[in-house]
Structures are given as structure tokens and as C-alpha cells.
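User: Hello! I am new to this structure and would like to go through it with a few questions. Could you show it to me first?

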Amino acid sequence: ACTRCESGKYQPSTGQTACDDCAAGYITNTATAATTCTECEAGKYAATAGRTACADCDPGYFQSVAGQPSCNDICPAGTYSDGGASNCSLTPAGYITPFAGGSWNGTMEACTEGMYSDAGSTECTDCAKNTFAESRASPTCPKCPDDEVSPGALGFCVECGTGQMATFGASEQQSQCITCLYEAHCPDGLKCRNGHKGAACQACENGWFMLNDLCTREHPADF
């Protein structure tokens with residue numbers, strides 16, 4: 001009596017005394033008297049001959065061609081895969097993969113508060129002045145509400161009135177607004193007028209002198 005080929009083997013010809021192993025990259029997975037082997041689909045592989053099942057590519061790797069014995073192609077920085085991938089995907093906005101071989105549960109990182117990233121990024125970017133990102137994994141930095149300010153790279157804004165200077169702590173609750181002695185010393189709530197310094201912008205920088213309540217490079221003795 002004739003015997004069916006076992007899983008992992010095949011026989012394309014009649015009158016044979018044995019079945020052949022499927023080549024690496026190919027399988028048969030049931031004892032159905034296979035005359036051909038089935039190639040592993042893209043994203044999978046069979047490392048050795050005679051395999052009965054294809055294995056998924058590891059996270060961080062991909063295989064774009066069917067019928068392969070390995071998945072040695074690594075996803076470049078800025079992309080990722082989570083296993084069984086035929087190609088790599090761009091890292092989503094708000095996250096980064098700074099190194100090759102990224103995966104969702106591996107080297108992918110979420111941007112911290114005060115930072116954002118576009119899709120496919122390898123590093124996070126600080127939020128610009130008067131914008132903020134209040135949560136991790138932010139894809140953008142929205143503008144501060146009207147009458148609120150931020151120096152950038154923070155997860156919050158602080159509301160300061162005209163003529164006040166914001167001092168920023170670790171949180172909005174730990175930040176405050178200091179009223180400047182003169183409104184002109186604090187024009188935008190974030191930095192002192194040119195030539196001024198100090199918490200309330202009441203002092204002059206080195207080489208500047210107070211004249212008519214404003215710091216100037218001209219020495220009062222010159223007038």
C-alpha cells in the first residue's frame with residue numbers, strides 16, 4: 001500500500017519510495033499526500049527544511065518576500081513592526097523609535113509632556129513658546145489660551161496679566177505671576193524688557209543704567 005507523505009514533506013512524482021522535505025521557506029502542514037509545498041507568506045519564514053508551519057518575523061524585523069528561510073531585515077529608526085510584518089510602519093505621531101528594530105512594546109517611546117513628534121520621528125521636539133503639550137504622546141502642541149503664556153517645552157501655560165512676569169515651577173500650581181514695578185519692564189509676561197533683569201525686571205543688566213524708570217546703555221552722567 002502507498003503511504004501518505006507526512007507534514008513537512010512532499011512527493012511530486014509517482015512510483016517513489018520516500019517523500020522529500022519541503023525546502024526552507026516552504027511547508028506542508030497536514031498529511032494530505034502533498035505533491036507540492038506551500039511557500040511561507042511575506043512576514044513569515046521557515047528556517048529549515050521539513051517544517052510544518054511558518055513562523056512570524058520577530059518584532060522590529062520584516063520580510064517583504066514570500067518563501068524565505070529568515071527575517072533578517074531590520075526596521076530602520078523612525079519605523080516599527082510588531083511581528084509577522086511584511087514591511088515596517090512609520091512610528092505614529094507622539095512617539096519615537098530612536099533606534100533600528102523598533103516595536104510597540106520594545107524600543108518605541110512616548111514623548112513626554114511639553115514635547116511632541118511627527119509620524120516617523122526618531123526624536124521628540126520641544127513645544128515652542130506659548131504652546132504646550134499637557135499629556136504624554138502628544139502629536140502637536142496647541143497654542144496657549146488667550147492671556148496665558150509658556151516659555152515652551154512645558155505641559156501647561158500660566159495666566160499672567162499685563163505688566164506681570166511668569167515664573168514657572170514643575171506644575172501650573174507651582175508657578176506664579178509677579179507684578180513688575182512698571183508695566184513697560186515686562187512687555188510679554190515671559191521675559192524682561194531688553195536691558196532689564198531680576199524676578200520683577202526691576203534691575204539693569206551689566207553695562208545698562210536706570211534712566212526714567214527704564215534701563216538704558218546711556219549713563220545718567222552723560223545727560
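User: How far apart are the sulfur atoms of cysteine 75 and cysteine 88?

Analyst: Happy to start there! This is a predicted model, where local features need pLDDT of at least 70 and side-chain atom pairs count only at pLDDT 80 or more, while totals for chains, interfaces and linings use all residues. Residues are numbered from 1 along each chain as its sequence is written, and side-chain values use heavy atoms, with hydrogens and water left out. Cysteine 75 and cysteine 88 form a disulfide, a term for a pair of cysteine sulfur atoms within 2.5 Å. The distance between their sulfur atoms is 2.0 Å.

User: Is cysteine 88 buried or exposed, or partly exposed?

Analyst: Buried means under 20% relative accessible area, exposed over 50%, and partly exposed in between (1.4 Å probe, protein chains only). Cysteine 88 has 21%, so the class for cysteine 88 is partly exposed.

User: Which handedness does the disulfide of cysteine 22 and cysteine 37 have?

Analyst: These two cysteines have their sulfur atoms 2.0 Å apart. The pair links distant parts of the chain, 15 residues apart, with cysteine 37 in the loop between strand S3 (26–27) and strand S4 (38–39); strands here are DSSP runs of E with at least two residues, numbered from the N terminus. The torsion about the S-S bond is about -85 degrees, so the disulfide is left-handed.

User: Which strand holds cysteine 215, the partner of cysteine 204?

Analyst: A disulfide joins cysteine 204 to cysteine 215. Cysteine 204 lies in strand S20 (residues 203–204), and the pair ties together parts that are 11 residues apart in sequence. Cysteine 215 lies in strand S22.

User: How many disulfides does a search of the whole structure find?

Analyst: In general, a disulfide is a covalent bond between the sulfur atoms of two cysteines. The links of cysteine 75 with cysteine 88 and of cysteine 204 with cysteine 215 are among them. The search of the whole structure finds 12.

User: Where is glutamate 159, and what charge does the patch with Asp146, Asp147, Glu159 and Glu172 have?

Analyst: Glutamate 159 sits in strand S16 (residues 158–159). With 57% relative accessibility, glutamate 159 counts as exposed. Patches are made of residues with over 30% relative accessible area and no salt bridge, like charges being joined within 9 Å and nonpolar side chains (Val, Leu, Ile, Met, Phe, Trp, Tyr) within 5 Å; a salt bridge is a side-chain nitrogen of Lys or Arg within 4 Å of a carboxyl oxygen of Asp or Glu. The charge of this surface patch is negative.

Conventions:
Areas by Shrake-Rupley, 256 points an atom, 1.4 Å probe, with all protein chains shown as cover. Lys, Arg positive; Asp, Glu negative; His and termini not counted. Charge placed at Lys NZ, Arg CZ, Asp CG, Glu CD. Helix = DSSP H or I, 4+ residues; strand = E, 2+ residues; numbered from the N terminus.
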